[in-house]
Amino acid sequence: MAAKSPLISDENAENITRVEELAYELRIREVMTKNVFCLEPDTVMEVALDTFQMERISGAPVTSGGKLLGILSIEDLIHALRESNLTASVREYMTTDLVVIREFDPVVEALKTFYQTNFGRLPVLNESDELVGIITKGDITNGLLNALQRDYQAEELIRYRASHLFEDIVSARTSLILRYSIKKGDFVHGGNASSNIKRALLRLGASPQIARRCGIAIYEAEMNLIIHTNHGGTIRAEIEPHKITMEAYDDGPGIEDVELAMKPGYSTATNEVREMGFGAGMGLVNIKRCVDEMKLISSKERGTNLFMILYLESTDHNPNTIG
Amino acid sequence: MEINELVKIIDGEILTDASLNGREVAGAMGADLMSDVLASIQPEAALLTGLCNPQVVRTAQIADIRAIIFVRGKHPAQETILLANEEDIPLITTRHGLFEACGLLYAAGLISLEVKTEEDCSSS
């Protein structure tokens, strides 16, 4: 499961970790094949051959009174066939140089053994050294896939619960409030808040169009806080079943001429900011286009407050409405 | 257009880890101003740009962009690649310039996903 590329991304790391975690979490017992077909040491090879064919198996442990004596595989049968010695007993051809594994060992132990040896199957013993099952690579793959499927179902359940959050909770007015502190000049994390809000909306069952419009509006507001404020500011998104109210506020320096700031192309951004692809004077214009209502209040004393509302019922929004 | 095909057309190099097999873009847009991108790009597009900071990836995630192509042989900083891997947005770099890369893709049948906006800057 190791990544081929030397650079392991966070996402890869996440995936690997989950499978690796599972390989450590899952016990051999949980993935092994139980009720294994066993051979007696005195069985004749020809009978073993018939059994393999009938049961469609390619190997079987040889036991006596529950104790493991060896393993008979297809290769051992071929060996006997080559020597035209099918009348011999299983005992004569079985492999006795055995590598075994314990039922409560983590799956990763079996993976290591498969990697180190050339065995296709390992007998599984309990604490009293009795044979309780057999494990193959196929068993492990199935076990891991089943476990991942269980994880997936759990995630689906979370998603389902999130999207029914507002139906499950009864109140006069239910809302979910998300708050993010935005630091002045923090370009590296710029967009984190908008990404998280967009993800939350999708999880809550908002349409991709609504999530996208909210994301763009919040992203522009977030970049404004990073670029234009004295100390950064706060983003607050209140999600209700019928609307999303977003607010970006800071403590200064305030916008001198709000009407002018709303004009497309008007910008006070520095060249450095422009080099980053922002500050083209389109931010507020973009926001206005994305939301149903927008209100910008600013003063030198109290800083700037930007209110944005997006209604969830309306499919087509009116870009000209300003609250 | 399959992203793998797009990479061939512009003789690009893939910078992110995830496989591009079966992944497609519906069209493309070229721009260096992220506000322009946010204002006018339609979902499922490829973005051709000369801008290499993490903001490009953020913009892509917010605007549902399916692939980012850096032009003029630019290589973004490691933090941009890390973020792109995290957000699962493929990054591709090509030695062609913006005009040339756009032209090659347009000639290969890739459509523009830039919507016209009424606002312009003449009034400022």
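Helices, of at least four residues, and strands, of at least two, are DSSP runs numbered from the N terminus. The model is a predicted one.

**First stop: a loop in chain A.** Select A:Pro253, which is found in the loop between β8 (243-250) and α11 (258-261) of chain A.

Select β4 of chain A, residues 121-125. Five of the five residues in this strand are buried. On one side are A:Arg121, A:Pro123 and A:Leu125, and on the other A:Leu122 and A:Val124, so that both faces of β4(A) are covered. Now show β3 of chain A, residues 101-102, which runs parallel to β4(A) and is joined to β4(A) by two bridges. Here A:Arg102 stands opposite A:Leu125. Then show β5 of chain A, residues 131-136, which is antiparallel to β4(A) and linked to β4(A) by five bridges. In this pairing, A:Leu122 has A:Ile135 as its bridge partner. The two strands β4(A) and β5(A) form a hairpin with five residues between them. In the turn, select A:Asp129, whose phi is positive, at about 65°.

Select α10 (residues 208-228) and α13 (residues 283-290) of chain A. Their axes are 9 Å apart, and the helices pack at an angle of about 155°. Angles over 145 degrees count as roughly antiparallel, and α10(A) and α13(A) are therefore described in that way. Their crossing is left-handed. To view the contact, display A:Arg213, A:Ile216, A:Ala217, A:Glu220, A:Ala221, A:Met223 and A:Asn224 from α10(A), together with A:Gly283, A:Asn286, A:Ile287 and A:Cys290 from α13(A). The residues of this contact comprise six nonpolar, three polar and two charged.

**Last stop: the contact between the chains.** Display both chains; 33 residues from chain A and 28 residues from chain B make up the contact. On the chain B side, select α2 (34-40), α3 (54-62) and α4 (78-87), each of which supplies at least two residues. That side of chain B consists of eleven nonpolar, seven polar and ten charged residues.

Key
Residues are numbered from 1 along each chain as its sequence is written. Chains are lettered from A and ligands numbered from 1 in the order in which they are written. This is a predicted model: local features need pLDDT of at least 70, side-chain atom pairs count only at pLDDT 80 or more; totals for chains, interfaces and linings use all residues. Two residues are in contact if their C-beta atoms, placed from the backbone, lie within 7 Å. Ala, Val, Leu, Ile, Met, Phe, Trp, Tyr, Cys and Pro count as nonpolar, Asp, Glu, Lys and Arg as charged, and the others, Gly among them, as polar. A residue is buried if 20 or more other C-beta atoms lie within 10 Å of its own, exposed if 12 or fewer, and partly exposed in between; C-beta atoms are placed from the backbone. Two strands pair if DSSP finds at least two bridges between them. Axes are lines fitted to C-alpha atoms, for helices over the stretch in contact, and angles run from 0 to 180 degrees between N-to-C directions. Angles under 35 degrees count as roughly parallel, over 145 as roughly antiparallel, 65 to 115 as roughly perpendicular and the rest as oblique. A crossing is left-handed if the near helix is turned anticlockwise from the far one by less than a right angle, and right-handed if clockwise.
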